[in-house]
Amino acid sequence: MSDDTPSPRLEEFQQQVDELKVTGGRANPERTAVTVSIVLFVAAVIIEIIAFSQSSNADDARDQTDMVILALLGVVVALGAVGLFLRASLTRWFRYWLIRLIYEERANTDRMVDALGPPK
Amino acid sequence: MTDQPLLELVGIRAGYGIIDVLHGVDLRVGAGQVMALLGPNGAGKSTTLGVASGQIQPTGGRLFISGREVNGVRPDALARVGVCLVPEGRGIFPNLTVTENIRMMTYAGVSYGDVQDRAYGQFPRLRERRRQLAGTLSGGEQQMLAMARALASDPALLMLDELSMGLAPIIVEELYEQVADLARNGLSILIVEQFAQTVLGVADVAAIMLHGRIRRTGPPNEIADELTAAYLGIESPTGGDH
């Protein structure tokens, strides 16, 4: 055990830890992204419904133009939501495949080592 | 020894996908201290090491390294500063030779000569096996190689996951002699083990983990007395401090 004075290695370690970049951390960011994308898509549908109902009730062409712009905004939000959903889903899927490949490779190596027989 | 722990987990919750494994883990490893984390299969010991090494992001709680909160830090950044994990099973590349495995540790910015000196100095047997494929080494030699790789980066905190798994008792004893030697040189070590007898002889403090929580922390001799009861799910007469 050491005394009260930290060793040079510990001092260096402390300094390196202080310099670390820390993001705060998020567990399973893809799950959050999928949830956000679903919420955005629902919001986009609501925007479209509002735009449709308001434009139907508007007599003035300028009001209708406003609603067309709102509808376009809804389409943009929907496209963004779909993009985010695809991106997060594909990331989860590829991560799963990567882990599966690593485990299969490890199992293959174990089989080869077993086939080679006991160590000399 | 300074009061500030080198590693501290406060109320850590973590798991895999929708399954929570850790339900509020509190753990402290002091500078120069050897802690044994014991518990049955599925208690959450390896997940705790995963969180401590930055490989698993906690869903709740705080992770401190040397007094600084480091939630969200990248595991490779932690490894570079000296938080090193020897994982369960083998932490080696089985289809590379011993020398190639050791050479891989130069990523940490340590020269190849220094890496070799540290590895072969601590484990002379590896020098004899340096041209052999790592996967064809015996279990004990593979663990030595895994430890040599970890020590090559000059860690400040070493975490060992199930060092004794699948090894003969005499080999386990030999490996723990090396661990005791490292501890004498001031390295902080967190050891996870399912079977406790050998590790309790090396540890300064021990903790029992059950169902994703630290059930009891204390001196190794006290923990040894309560271990069987804890494994069998019998309430300890002395109770727990968590």
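**Reading the terms in chain B**

Modeller: Four strands of chain B form an open sheet with antiparallel pairing, in the order β2-β1-β4-β5. The model is a predicted one.

Biologist: What makes β2 and β5 of chain B the edge strands?

Modeller: β2 (19-30) and β5 (68-69) of chain B each pair on one side only, and they are therefore called edge strands.

Biologist: How do you know that β1 and β2 of chain B pair?

Modeller: Pairing requires at least two bridges. Nine bridges join β1 (residues 5-16) of chain B to β2(B), and the two run antiparallel; therefore they count as paired. Within this pair, B:Glu8 stands opposite B:Arg28 in β2(B).

Biologist: In which sense do β6(B) and β7(B) pair, and over how many bridges?

Modeller: The sense is parallel, over four bridges, and at least two are required. B:Val86 stands opposite B:Leu160 in β7(B). From strand β6 (residues 83-86) of chain B, B:Val83 and B:Leu85 point one way, whereas B:Cys84 and B:Val86 point the other way; all are buried. In a regular strand, side chains alternate between the two faces of the sheet.

Biologist: Why is B:Ala36 called buried?

Modeller: The cut-off for buried is under 20% relative accessible area. B:Ala36 has 0% relative accessibility, so this residue counts as buried. B:Ala36 is found in strand β3 of chain B. Leaving aside neighbours within four places in sequence, its contacts include B:Ile191, B:Val199 and B:Ala203.

Biologist: How do you know that the span of helix α7 of chain B is close to the expected one?

Modeller: Helix α7 (residues 169-184) of chain B has 16 residues and reaches 22 Å from its first C-alpha to its last, and 22 Å is expected at 1.5 Å a residue. Its buried residues, among them B:Val172, B:Leu175 and B:Tyr176, pack against elements of chain B including β3 (34-38), α4 (112-122) and α6 (139-152). B:Gly186, with a positive phi near 95°, follows α7(B).

Definitions and conventions: Residues numbered from 1 in each chain as written. Chains lettered and ligands numbered in written order. Predicted model: local features only at pLDDT ≥ 70, side-chain atom pairs only at ≥ 80, totals over all residues. Heavy atoms only, no water. Expected span 1.5 Å × (residues − 1). Buried < 20%, exposed > 50% of the residue type's maximum accessible area, 1.4 Å probe, protein only. Contact = heavy atoms within 4.5 Å.
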